[in-house]
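Thanks, everyone. I have one model to show and a few minutes to do it.

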Amino acid sequence: MALGQKRARAFGVLYLITFVTSIPALALYEVVLRHPVGYIAGAGHDTQVLFAALLELLLIIANIGTAVVIAPILRRQNEEGAIGYVTARLIECTFILVGILCMLGIITLRNQVAGPAEGTVAYTLAAIKDWTFLLGPGWVVGWGNGLILGYLMYRSGLVPRRAAWLGLIGGPLIIMSGTAVMFTGNQPSSTLHSLQGIMSAPEILWELFLGIYCTIWGFRRDAPILSGSARRQLNPSRLRTPQLSRPTRSHRRSSGSSPCPGSRSSRAPGESARCKVRTPSFVAVFWSRASRRFAVRRAGMLGRRPRAARRGRASADHGCRGR
């Protein structure tokens with residue numbers, strides 16, 4: 001199996017892991033998020049919340065994995081877009097991590113003596129958890145998984161382009177619904193939450209499609225960026241540049257007398273007059289000119305003509321010039 005298809009299978013499996021970890025974790029947190037004050041005052045289910053925190057830690061690893069695995073392929077299509085997708089994933093994981101810390105803080109408060117101050121702190125931590133969910137999976141995902149990844153998949157042809165429209169449409173819908181909920185104060189009883197769930201359907205279908213399609217079939221084998229020729233065209237910086245070494249003294253002496261392949265004395269009839277010898281590097285030119293100046297100054301001090309001047313100025317420079 002080619003490396004690109006191995007990356008595709010890993011990409012799909014990691015996307016499926018994000019579904020397996022995120023949905024149960026949200027359900028396990030529900031008992032704390034609805035009544036945080038009553039949770040710390042009563043006999044809470046710490047094991048349930050800790051298991052949800054573990055699932056979200058695995059979610060963070062899966063999210064980062066979906067970006068790291070596919071970034072080397074996407075950068076052949078658009079390097080800026082690939083970096084933007086990785087960055088969006090990292091920002092989303094940052095919000096998730098802050099939410100995990102809030103839930104663990106509520107468990108710590110429950111193990112202490114519950115009072116009015118602890119109840120206020122627990123309510124605040126639960127509210128921060130709600131905001132992290134809104135800004136992370138409810139807003140940043142629209143940019144990363146929706147717009148950026150959808151555009152890159154559409155342009156590269158790694159998946160069917162009709163399916164990529166789910167991300168291109170679902171991303172803006174999540175951004176708009178998340179922005180509307182944010183300006184209403186993120187109230188749990190707001191009707192916009194129900195509307196946000198409906199508007200998130202295209203994005204959910206897009207991510208579920210990526211997980212299933214890439215796990216079973218991998219990337220499309222006729223995608224241009226998976227071929228070696230397209231890889232070289234899209235990454236001209238990877239082409240090797242010949243390293244030029246500093247010419248020796250014997251080479252500088254012989255360069256003036258030996259004709260270059262493009263000179264009139266050696267080229268065949270109809271052949272181009274362009275010289276085929278490598279262009280001298282900056283270090284070689286600088287070295288030859290500095291040697292000539294040093295020879296001129298030394299000869300002026302001794303009162304005799306420098307040897308470089310007797311040979312002629314053209315023989316001191318490295319390289320050849322076509323006539």
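Leucine 97 sits in helix α4; helices here are DSSP runs of H or I, at least four residues, numbered from the N terminus. This is a predicted model: local features need pLDDT of at least 70, side-chain atom pairs count only at pLDDT 80 or more, and totals for chains, interfaces and linings use all residues. Residues are numbered from 1 along each chain as its sequence is written, and side-chain values use heavy atoms, with hydrogens and water left out.

Leucine 97 has a relative accessible area of 38%. That makes it partly exposed, between buried (under 20%) and exposed (over 50%), with a 1.4 Å probe and protein chains only.

Now its surroundings. Leucine 97 belongs to a nonpolar surface patch, alongside Leu50, Phe51, Leu54, Leu57, Leu58, Ile61, Leu101 and Leu104. Together they have about 800 Å² of accessible area, by Shrake-Rupley with a 1.4 Å probe, only the protein chains shown counting as cover. Nonpolar side chains (Val, Leu, Ile, Met, Phe, Trp, Tyr) are joined within 5 Å, like charges within 9 Å. α3 (46–77) and α4 (79–111) each give two or more residues. α3 gives the most, 6.

Notes: Patches are made of residues with over 30% relative accessible area and no salt bridge: like charges are joined within 9 Å, nonpolar side chains (Val, Leu, Ile, Met, Phe, Trp, Tyr) within 5 Å. A salt bridge is a side-chain nitrogen of Lys or Arg within 4 Å of a carboxyl oxygen of Asp or Glu.
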